[in-house]
Amino acid sequence: QVQLAESGGGLVQAGGSLSLSCAASGRSFGDYEMGWFRQTPGNERELLARISGGGGWKNYADSVKGRFIIFRDNAKNTVSLQMNNLKLEDTAVYYCAVLERGRPIGSWGQGTQVTVSS
């Protein structure tokens with residue numbers, strides 16, 4: 001089973017940028033579709049971005065399209081999320097996940113907190 005560990009969160013001002021990284025353990029990382037989610041208190045996790053195993057296909061939620069970029073390095077078993085032009089409403093805990101047909105499978109990592117201030 002793939003183990004995931006997110007990092008890179010922090011405090012940033014609105015309009016700023018932040019890059020999140022997710023390190024995955026296990027073999028055959030490049031076989032898996034990956035995604036980034038976020039969650040705020042009292043709400044379900046929201047799928048923000050998806051990337052195919054080879055990295056050639058990507059998909060974004062409307063809420064982040066044009067601001068966030070997902071990319072992966074299969075040689076390093078990492079998937080990253082570059083977040084630009086951050087807004088107050090981007091404040092959340094961010095998680096990466098292995099996806100199967102767009103749905104998360106396996107276990108979640110601990111997440112990384114992103115806080116956007118005015």
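I took a salt bridge to be a side-chain nitrogen of Lys or Arg within 4 Å of a carboxyl oxygen of Asp or Glu. The model is predicted, so local features need pLDDT of at least 70 and side-chain atom pairs count only at pLDDT 80 or more, while totals for chains, interfaces and linings use all residues. Residues are numbered from 1 along each chain as its sequence is written, and side-chain values use heavy atoms, with hydrogens and water left out.

Entry 1. I searched the whole structure and found five salt bridges.

Entry 2. I looked up R38. Its side chain meets that of E46 in a salt bridge, at 3.0 Å from N to O. For exposure I used relative accessible area: buried is under 20%, exposed is over 50%, and partly exposed is in between (1.4 Å probe, protein chains only). R38 is buried at 7%, whereas E46 is partly exposed at 30%.

Entry 3. R38 also forms a salt bridge with D90, with the closest N and O atoms 2.7 Å apart. R38 lies in strand 4 (residues 33–39) and D90 in the loop between strand 8 (78–83) and strand 9 (92–100), so the pair ties together parts 52 residues apart in sequence. I read strands as DSSP runs (E, at least two residues), numbered from the N terminus. R38 and D90 are both buried. Salt bridges that share partners join R38, E46, R67 and D90 into one network.

Entry 4. Is the pair D62 and K65 buried or exposed? Both residues are exposed. The closest N and O atoms in the salt bridge between D62 and K65 are 3.2 Å apart.

Definitions and conventions
Helices (H or I, at least four residues) and strands (E, at least two) are DSSP runs, numbered from the N terminus.
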